[in-house]
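Subject: Handover of a structure and the findings on it

Dear colleague,

Please find below the structure that I am handing over to you. The findings follow directly after it.

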Amino acid sequence: MRAKAAEWAQENFVERMLLRQEACKNPEPVPDDVLEKAVAETVERFGGREKFDEAGLTEEQAREDAEAEAKIEKLVNALTAHLKPPKQKDIAEFYRKRR
């Protein structure tokens, strides 16, 4: 079980890095207000400015991460826009088969 979890984690990491690389090729800038909001949320998740600073992070790092995340979201939305959401019965069948 642990080996399978480690394999999934590694696959997830690789997929995430590939998505990030592809998304960051998009030269379209992310609006400043979106980035500022994301930075503020990141600082808040750390428990405030002091803890954020103690963690050794900078606003520039948080801003770069926020920009990448926004571009990833845009890419994923573009790639999946044509897909229909799964039906409840299909979801139930999928999980029933994989128990």
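Predicted model: local features only at pLDDT ≥ 70, side-chain atom pairs only at ≥ 80, totals over all residues.

Residues are numbered from 1 along each chain as its sequence is written, and side-chain values use heavy atoms, with hydrogens and water left out.

Thr42 belongs to helix α2; helices here are DSSP runs of H or I with at least four residues, numbered from the N terminus. Leaving aside residues up to four places away in sequence, Thr42 touches Phe52 and Ala62, where contact means heavy atoms within 4.5 Å.

Helix α2 covers residues 32-45, which makes 14 residues. From its first C-alpha to its last, α2 reaches 20 Å, close to the 20 Å expected at 1.5 Å a residue (the expected span is 1.5 Å times one less than the number of residues). The buried residues in α2 are Leu35, Ala38, Val39, Thr42 and Val43. These residues cover an arc of only 140° around the axis, and therefore lie on the same side of α2; the arc is that of the directions from the helix axis to the C-beta atoms. Asp33, Glu36, Lys37, Glu44 and Arg45 are exposed, on the face of α2 turned away from its buried side. The cover over the buried residues of α2 includes α3 (49-54) and α4 (59-80). After α2 comes Gly47, with a positive phi near 100°.

Helix α4 has 22 residues, which should span 32 Å at 1.5 Å a residue; its end C-alpha atoms are 31 Å apart, which agrees. Buried in α4 are Ala62, Ala66, Ala68, Lys71 and Ile72. The buried residues of α4 pack against α1 (2-23), α2 and α3.

How do α1 and α4 pack? Their axes are 8 Å apart, at an angle of about 90°; axes are lines fitted to C-alpha atoms, for helices over the stretch in contact, and angles run from 0 to 180 degrees between N-to-C directions. The two helices, α1 and α4, are therefore roughly perpendicular to each other (65 to 115 degrees; under 35 counts as roughly parallel, over 145 as roughly antiparallel and the rest as oblique). Among the residues that meet here are Arg20 in α1 and Ala68 in α4. Ala68 is buried at 2% relative accessibility, and touches Arg20 and Cys24, not counting residues up to four places away in sequence.

Finally, the aromatic residues. Rings of Phe, Tyr and Trp (its six-membered ring) pair if their centres lie within 6.5 Å; planes under 30 degrees apart count as stacked, over 60 as edge-to-face and the rest as tilted. By this rule there are 2 aromatic pairs. Phe46 and Phe52 form an edge-to-face pair, 5.6 Å centre to centre with 85° between the planes. Phe46 is partly exposed at 35% relative accessibility, whereas Phe52 is buried at 0%. The ring centres of Phe94 and Tyr95 are 5.2 Å apart and their planes stand at 85°, so this pair is edge-to-face. Phe94 is partly exposed, with a relative accessible area of 38%, and Tyr95 is exposed, with 55%.

Yours sincerely

How values were computed. Buried < 20%, exposed > 50% of the residue type's maximum accessible area, 1.4 Å probe, protein only.
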